[in-house]
Amino acid sequence: MLRQTRSVFQKFRCLSFKGQQHTWRLKSTSATERALQYQPGQKVHGFTVREVVAIPDLFLTAVKLTHDKTGAQYLHAARDDSNNLFSVQFRTTPMDSTGVPHILEHTVLCGSEKYPCRDPFFKMLNRSLSTFMNAFTASDYTMYPFSTQNGKDFQNLLSVYLDAVFFPCLREQDFWQEGWRLENENPTDPSSPLVFKGVVFNEMKGAFSDNERLYAQHLQNKLYPDHTYSVVSGGEPLAIPDLTWEQLKQFHATHYHPSNARFFTYGDLPLENHLKQIQEEALSRFERIEPNTEVPSQPHWTSPREDHVTCSPDALAPDPTRQNTLCVSYLLGDITDTFEGFTLSLLSSLMISGPNSPFYKSLIEPKIGTDFSCVVGYDGSTKEASFSIGLQGMAEEDTERVKEIIIQTIDGIIENGFEEERIEALLHKIEIQMKHQSTNFGLSLASYIASSWNHDGDPVELLRIGESVAKFRQALKENPRFLQDKVKHYFKENTHRLTLSMSPEDDYLEKQAKAEEEKLHKKIEVLSEGDRKEIYEKGLELLAAQSKTQDASCLPALKVSDIEPTIPITPVETSFTGGVPVQYCEQPTNGLVYFRAMCSLNTLPDDLKLYVPLFCSVITKMGCGDLDYRQQAQQMEMRTGGMSVSTQVIPDSNHLDTFEQGILLFSSCLERNVPHMFELWSDIFNKYIIQQFIFPATSAIGSCHIVCTIRKTANVGLILSFRPHFNDEERLRVLVMMSAQELANGISYSGHMYAMSRASRYLTPAGDLQETFGGIEQVKFMKRTAEMSDLTHVIRALPRIKKHLLNPANMRCAVNTTPQKMSDTAALLESFMKDVAANRRDHKRVRANIISKPLDPQDACGASRKLVSVQNFQPCQMKTYFDMPFPVHFVSETIRTVPFSHQDYASLCILARMMTAKFLHGEIREKGGAYGGGARMGGGGLFSFYSYRDPNSLQTLSAFHKGVDWAKSGRFTQQDIDEAKLSVFSAVDSPVAPADKGMGRFLSGITDEMKQSHRERLFAVNHKHLVEVAERYFTVGQKMFGVTILGPENDTFKRDPSWLVL
């Protein structure tokens, strides 16, 4: 997996809940206390302890060690968290763009000395209860992380990972499959043309079809032109075919050595066990070497530089006439200077984040472009950091204007500095981020320290966030111009800056295709007949190997009996406040309060449905009550951990044609700020301002949706002005353009999700609404909206939506916080709900087919949900092809099956996972060359096949159908079924953060008892069940399905009348 790391400030997500305990865990003391018992200089299984530090801000103890023989570095973060993580990373510094570290990342996972079966990595996905397994290739390091809550599973995965990275087979066939190869288009037909194939080759073709990814790569290459950052670590598609198998093996020998490795473990398992296993299974076989992989500092330029690149036009861009990007990027200091990096990261946020930031005001609000450039802010992923600022979605003629604005804005910051309130808001954000508990804190920690540690920075120092905050405050106190001096030094006086522009080129894709054809021709023209015959024979050999059933008995595996038979019960209490049901869930939230409110859309007219996602996007950004949008943003940053509104389409657990539609309000805050949080929500939804207004002699004011007359005498009236400030058209246009740009940019990255959404549209009512809210239909709607010269129609629609919300009769709320704070929060919520009730507006239901369903099936008189039941819904089959500016495809076929509570649902979940692992992975990825593909069973009763960054489309559709035949034939074993169960349970039992406990019940009405019943059905699935559901739901003529493909222009589909080509 190629990793692009560009972030303003790494969020810390803390986790402290307990998971499944295992008998060999030491229970007498906490993990942090046990770790404090280590002493510097202590020898442990071939390692020497160098440092032991308590990090109370993150509730952990850090133990830093080095390996005596090899010099390998090791960091252990002991924490009372059962989701234990391991990662090993190597500094990988390629000097060409053949993608050698990326292809090596793939290839080492294809078999090793102890585990020589093909693809043990993917096979372990189905033999463990891992909560995370993956590998990443960054610009200068490669990381292999996994996490699991099971102690035995941790040992199994650690054994596989160690053997994979240190003792891989690196077979030539694996190189052909994962990297690149010349092969007949039809491997069984020697007369078919020779083409390039390979998983990474196709992955990178897909990656470079994303203009954002393309721009980011060019920017890095050109800002750091003198060493490893000047090349494409993931591989440039036209350079990948220059890599040889011998070069791959040599790169492994020089880079994948313990002397070039950094090990990281996290969680509550004993450190000694990890050290013992790593020493015995890997490190004891090595001696120290000098890897010579250091990255030198980039020589500083004496004068700024400019450059220009081109890209493909984006048919979904908000404004087709404005598709240029321009960015100015500055080289900063070494990332191993922890405090300087911390300061520059904060400075970046002050400069670009939110409507109060200087660059937002100067670049975004004038609407010169649709959004900031895709690369923006502080980037600490390279040895020397950078800061970038610019715009995308701009006109070419505005280039000089944007350059001038950037210079003027920097000058303004140097002169005026930043408001103290904004600095405090940013430090408040850090406080919340450190308190918030997430389920993947170990992985976040590994990612956070990776870049600096990769260049020999101190990872422990990075974790001392509280000390950095204190040092930052002291620096500001000693020098009020501390930040302004940084801006002057790093931006005003910095001659190492690059201005990079990018513009669309109409024939860009044609040029890329031609360049690939020329590369292919050069490879082919030197081939002899013997070479061609050898290629054909090797292709057959690879196909045979891919088709052969693999013996994975050498791999360690958990058993189904290792899975806990029951789930822990999450206690919740429900009561009514102001007539609104409220679910209270007491959790160890570290002093944070989490609030949610579900508001029904059942009274909303159909003509407003397309506007709901836009409404959700802007409702917290338009200003409210007496606050303009800048003041509102400031208060939200000062008082909360964020306030958001999102669409919700929740399929019923019993009926496919029944669903709930609504919007979800979500916010969090420190306990001391609960009154402010509710006041902000009240300002948005409950408050209005009474203003005196002088009417003209003839006025149509009464028809306006923004204001309404409450009293009128002669030409003087009192106007009731609703909040938010939807009538601020300039502000709304900025938000519309940013939203449209974000949606357009997301398709190339998440094309498979868009394909599945569209394929589901005509199969269930919920699928139809989900496509409206979040599919390609919404992308196109936002494009049309962004192109409007007059937003009056939108301005009228948004307040109409608001009037249908926050009615106590159509609401329910949830609060997760500590037991100590629950009663105070409940009292404040009651006050908020009184405001809601006082401002309620009753509306007639648009449909008569609304049914009431209790949140708890065992309490019919308690709280209920209002669901839409579509009578006599007629699903229909639709095959849709979307022409997109991509060189690869995203394919989905979706089938209508059964809802969550149906007895067959569990069998379909197991079948989806088993088909993916045992059939579709081999057909779509290994043979077809797609980056990914498989099957999944959705909660709405829709079973979806999919592929991702796929060079084929028809072949993949055929693979879907062959997969169905395979399932019907019953050609799978009990071991296959057990492995599929392990994989499904790893998702079912994934950790749940305190903030999210009880949310299944609150949102979907799925209680712990229902989850337990589903769990028992999963355990009970057998061979007969799987064959039966395949026959019952996937038989041609009986199944109801939809197919969608996103991909390049294709005449085959245009000529086929059964396809709708858009």
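The structure is a predicted model, in which local features need pLDDT of at least 70 and side-chain atom pairs count only at pLDDT 80 or more, while totals for chains, interfaces and linings use all residues. Residues are numbered from 1 along each chain as its sequence is written, and side-chain values use heavy atoms, with hydrogens and water left out.

The secondary structure of the chain comprises 35 helices and 34 strands, assigned as DSSP runs (helices H or I, at least four residues; strands E, at least two) and numbered from the N terminus. The radius of gyration, taken over C-alpha atoms, is 29 Å, close to the 31 Å that the globule rule gives for 1062 residues, so the chain is as compact as a globular protein of that length; the rule is 2.2 Å times the number of residues to the power 0.38. Along its principal axes the C-alpha trace spans about 95 × 75 × 70 Å.

Q974, placed in helix α31 (residues 974–988), is partly exposed, with a relative accessible area of 44%. Between Q974 and P258, 716 residues apart in sequence, the C-alpha to C-alpha distance is 39 Å.

Definitions and conventions: Buried < 20%, exposed > 50% of the residue type's maximum accessible area, 1.4 Å probe, protein only.
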